[in-house]
Each structure stands twice: as C-alpha cells, then as structure tokens.
Number of protein chains: 2
Amino acid sequence: MKFTLSHTDQASKARAGILETDHGTIQTPCFMPVGTLATVKSLTPRDVWETGARICLANAYHLYLRPGTQIVREAGGVHRFSKWDGAVLTDSGGYQVYSLAGLRKVTDESVTFKSHLDGSRHQFTAEKVIEIERDLGPDIMMVLDECPPSNADRTVVKSAVDRTISWAQRSVEHFHKTKPLHGYDQQLFLIVQGGIYPDLRTECAAELVKLDTFGYAIGGLAVGEPNATMYEVTDHTTDALPTHKPRYLMGVGTPVDLLECIARGVDMFDCVLPTRNARNAQLFTRDGKLNFRNSKWKTDFSPIDEETNSYASQNFSKAYLSHLVNSKEMLGAVLATMHNITFYEQLVTEARARILDGSFVKWKNAFIARYNTVK
Amino acid sequence: MKFTLSHTDQASKARAGILETDHGTIQTPCFMPVGTLATVKSLTPRDVWETGARICLANAYHLYLRPGTQIVREAGGVHRFSKWDGAVLTDSGGYQVYSLAGLRKVTDESVTFKSHLDGSRHQFTAEKVIEIERDLGPDIMMVLDECPPSNADRTVVKSAVDRTISWAQRSVEHFHKTKPLHGYDQQLFLIVQGGIYPDLRTECAAELVKLDTFGYAIGGLAVGEPNATMYEVTDHTTDALPTHKPRYLMGVGTPVDLLECIARGVDMFDCVLPTRNARNAQLFTRDGKLNFRNSKWKTDFSPIDEETNSYASQNFSKAYLSHLVNSKEMLGAVLATMHNITFYEQLVTEARARILDGSFVKWKNAFIARYNTVK
C-alpha cells in the first residue's frame, strides 16, 4: 500500500493524494460509504461502484457478531464475501462497543461487553481485534481505541487517551507479529483521541506518531460537540500528524463538514449520513437537503437532481421518488441511496480538482453559501 | 398492437407467439413481474430489464389511490412515470376491490368500496376503470370484472359471470368511445370468470368472444381451489377462446403451474410469488424452493444458483445471501428478487424454445420431476 501526496493547497491545508491498495487506487480526499455488515444498505456492489466510491467501510464488531469472523475468513475475506472489488477499511468496533453494547466493562487489558443482538458476553483486546481484522481481510485495519462521550470531563478523556495509546502500542506489536491471510496487503491506522482538549490531542498524536503506522485517524469527534469545536480540534490535530501519511476523520459528516475538514488537512471520511438519511427520504443537493416526505414534491416532474450525475438522480422525477417514499416502497430507499452517495463522491471529486487547480477555498465558500441559503 | 402465433406444439396445446406493442416486442409465453405501484418491489427498472422481462404489471386500483391517477397522467403515463421502457399491463383492480377494500357494495351499475389505505369511499364503474386506464396509459388495459371467492356457490358465481359480461360490454363500448392520451396504442383484454364450473366458463367466454377485443384473460383461478381443478378449468377455458388471440392466466403461479398452463394453451402470466417470496428469503431453483432462513446455507460458499444466469445468482454465495437475510439487510431482498424474476423469465424463455423445437412436453415433465424431487 502506498500513499502519495500530489498537491497541497496554498490557501488552506487541503491536500490531493493517491492511495494505492491491492484493491485499486483511491484518489483523496475520498468519501467511504458505510457498509457496516459488508453491504452498503440497499445497494448492490455494482451500484456502489457506479457512485464513484472506490473504498467502503465495514465494521469488525458487527461482522464478528454476524455472520461471524470465521465465515468471512472462509469466504476469502470481506471483499470476496461481499463481491466488492474496491478497497475496504474496517472500523475496529471500539465506537460500537461504547455506543451499542450493553454492560461493558473496560480495563487496561480489555473491554468486556454484551452483544447488542442477543446479550451474549464477549471480550475484545487490542490483540483480539487485530486477529479479527486479519480474518476479515480489509485493506485498512483500525485499532481498538477508547472513545469517551462528548461530555466526558478531562480526567475521563485523559484516561481514554492513555488507554488508546497503550492499546495502539499493543496493536502495532501484534500487527507486526501477524500476517495477511488472504493474499494481499493490509495496513494499520491508529486513532488519535483526546476529546476537545488540544493538549491531549497533541499528546496522543505524538505518542501514536512514534509507532509509525501507515495512516492516522482522528476519532472521538462528531459525537455531540459544537461544529466549530469539531473543526478547531481537527485543525489542531492534523498539525500534529505526519504530512506524508493519510489522515482519516472518523464519522464525519455533512457536505459542509467534509469541505471544512478537507480545508483543515483531512484526506479520508466516512459517515452514515448519505445512506441513513436516504432511508429517511432526505436527499443532499447543492441547495441543501430535500425532504421527500414533504408533499410539495408530489407533482414536481423534474429530475431528482440535475446536478448529480447518477442513474437515480437523472432518470427519475421528484414526483416518482415522492410516490415511492409515500408508499414505503424499497425502491425509494435504493434511488435515494444511489443519489446521496453519488452526491458525496462527486463532492470530494470536485474538491480534489479544485485543490489541484488552486481554486479550492473560493469554490468551497461558494458551495457552502449556496448550500446554506434558506430557500 | 399485434399478436402473431409462431408455432403450436404437436403434443400439447402450448403456443409460441409474438406480441408487438408500441413499447417493444414480447415473446410468448411470457411472465410479467408484478409492479403494483409502478415499481417491481426493490428493483430499479434497469435491473428489471436485465431479468429479461419485457412487460410488467401495474395495478389501476392501487395507482388510482396512490399517487392518484392524475399524477401518473401528468407524468405522461405509467412508463414515463416509472422509467420502464418495456410494455405495461394494468390490472383493473377488480380483484383488489374484492380482496382488499373494506365494506364494498356491488350493484349491476358499480362497485362502491372503502380504500384499504385511509377508509375513504370510492366508486368504480366499468367506464370509470377505462377512464383510469386511459389516464395511466398501459399498453394493455384489463376490464373491471367481478371475482367471486373460490368457495362461492354456483348461484354467486353465475351472478358474477352475468355482471362480468355486462361490464365487459360496457367496457368495450367505452373503450371505443375513448382514445389513448399518451401517443401510443392501448388494447383491451376481457376477463373470463365462471369459477370451477365448466359450463359457466364456456358461457362467459362465448359472450366475451363476441365482443372481439385484442386479448382474453382467465380470472378467478388460483384463489384457493385445488391445483388439479385450476389446470382443468384452464384447459377447458382456453378451448373456448380464439386461437389467434393472446390468453392471459391471471395471478398464476408456481414454476410448475406455469409449465402446466403453458401446456394448456396459456400465453401470458403474472404472479407475486417470485417477488413476494424473495422478500421472505425463498428462492426458486430447478431443484425446488430454497429457504435462506435455514441455517444450513450459512457456510455454503457456492453461488446462489449456477443454473440461473443473473448478476445476483452467479456472483454472490449462498452464505452471503444467508448473512443478508439473517441480518435483515435490504440487499437480501434485492438479490433474491433479481434471482427469482430471472428464474421465471428464463423458465418461460426455455419453454418457448422447447415449444419451437418440439421437445416441450418431454422437457416440461423432466423439469417438474426434478423440481418436485424431495432432496
């Protein structure tokens, strides 16, 4: 795997890069659709490919519980299991353990939790998560971290940082002791925690950078803190990360968040918004979000979105989508998901072109102004 | 519109024909996927096209209630509304009025019913249904009929036959008084009722044949009567219909039903089985139905069905489909629907080839023997 920085913007910290994996080349900044259970909800892999996405997320915690790590391993890894030809990144499930699982108990050694599905008891260690991700076979493996809630006080965040650093050290050690199982390269990303405390972010980043892994993620943001704070912490944290390595901001965000954080030096994003909102009939456009439960679309025969170049956006009318949504037809979710992911992919693709031609900041500000204009 | 009989089997009543419409040519025998609300549930129109289907069903009753006839008319008809490039047949909704609607009241003049959605009161007459179908713009319009339950006694069935004949006469008259609204040809099919009573079927068919419409349907079957009875009544009724006109057996059936009724002279079929069963994780194969809720598929990494030539059947493993189904992922329904419709389409396509080469009955019997073998 190889990450090459093609260009850094003069007027911002925005970067255009190229991430080469054994499952294809990804141009950064990139947006990774979320496919928690090895499926981007409602879309076939060929439809996901058509959105322009070349790397998807899956979730180690979820796949470990269902269908079980062993089944994905026997299938030849998550790509072959799900027939996705692009690259895959698996989140460790640290976040899910804290947000979904019941009765979890965290010690310096491990986190014990009850499955959100059947209440069965499980234990994750830093090493165990590496093993799971070797079995699952993503191109990029995320380490187990501790992700405190946004309202956690400094003492709690400091303790999470210490544990995240210690687990990162153990993860890297175990990563080097183990090998890919499916015949292609896997690389490890560490996760910077530290909440909204700049000094804790700096400390965490400094310790993780010493471990010299392929890439770095910024975790524990977009968990309830104000947007301005999220941007500040992101800005601060990217300064503490190596220039020549990819940076991934986990779980972010809206189209505006993506552009603001690209401007602050982030290369990779994932978020459930385009997929989850699609299933709630909310579509992203350059004019902001459209809610297709609103009856005003019932007789609008114009295309869903002429500015987004997808089968769904160009071929079907707002009236038809409104009909599907109001009738609770699955095709409504399918078309909305196709549209939303394509919108996100075309957004980062255009951002990259604007970084390369030097017009990124001007373009970003115009995009945001139009997006936020009340219609 | 034009129907040409290409060949009739020597060893059975099976026919191979060609139905030419302004939305393309359909080879018969054909299977029409059900797209009640102008969407074949879970599939995009391009995915429906890929199954081999060239004509789909929609339902006048359902579309009249939601999104409303006027909206489909303004969209330019059901094809443009749903972006389906093939042909469309709309069922009148007679069956739905009897099976879904509440508090219906049938007189010789009309049927009054309450919407299954909001309880609002509506009235359908033979003429009103023609008007609705002119608005909706299918290639083939079905008349309003009266469809008695399978356990109805002879007096009730006789009265339904009389009303069906009278409504057919009024429908034909109104059909000729009105014109297509969307710039392409529309033709009318009448529906033979008569329950399980051969003489009532004969009487009904004879009266309808006098009206000389483009095609004829056999209604009121597969509503609970034994399979053998359904085959007998079908066999009897096709004898009472003109040779040179298309015959459509409504709401039938399983793969075996299709072959048995093709052998009895039927040209066109529709049924919810491939789509509805797909959403319940049941897949049709040459070895019978497979239930993907069964845990035995969890570790079967062979393709869903090597004998069905579809993206879904060939590319994804049984283990992956099992995972999707067990996780209640929408993609499970999508892949199963693609597979099932393709299976049906390839079944009728092969039936046609076997009719043309003279091996239909032998092939049908072998297909059924294998399909019914307990594994």
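**A helix pair and its surroundings**

Modeller: Start with the residues that meet. From H7(B) come B:Pro198, B:Arg201 and B:Ala205; facing them in H8(B) are B:Val233, B:His236 and B:Thr237. Contact here is defined by C-beta atoms, placed from the backbone, that lie within 7 Å. The contact of H7(B) with H8(B) has three nonpolar residues, two polar and one charged. Nonpolar covers Ala, Val, Leu, Ile, Met, Phe, Trp, Tyr, Cys and Pro; charged covers Asp, Glu, Lys and Arg; the others, Gly among them, are polar.

This is a predicted model: local features need pLDDT of at least 70, side-chain atom pairs count only at pLDDT 80 or more, and totals for chains, interfaces and linings use all residues. Residues are numbered from 1 along each chain as its sequence is written, while chains are lettered from A and ligands numbered from 1 in the order in which they are written.

Now the geometry. Helix H7 of chain B spans residues 198-210, and helix H8 of chain B spans residues 227-239. Helices (H or I, at least four residues) and strands (E, at least two) are DSSP runs, numbered from the N terminus. The two helices pack at an angle of about 35°, with axes 9 Å apart. Axes are lines fitted to C-alpha atoms, for helices over the stretch in contact, and angles run from 0 to 180 degrees between N-to-C directions. The crossing of H7(B) and H8(B) is right-handed: the near helix is turned clockwise from the far one by less than a right angle.

Chain A has a helix H7 too, at 198-210. A:Asp212 lies in the loop between this helix and strand E12 (215-218) of chain A. Its phi is positive, about 50°, although A:Asp212 is not a glycine. Most residues other than glycine have a negative phi. A:Asp212 counts as exposed, with 10 C-beta neighbours inside 10 Å. The cut-offs are 20 or more other C-beta atoms within 10 Å for buried, 12 or fewer for exposed, and partly exposed in between.

B:Lys83 sits in the loop between helix H3 (78-82) and strand E6 (87-91) of chain B. B:Lys83 is partly exposed, with 16 other C-beta atoms within 10 Å.

Technical notes. Contact = placed C-beta atoms within 7 Å.
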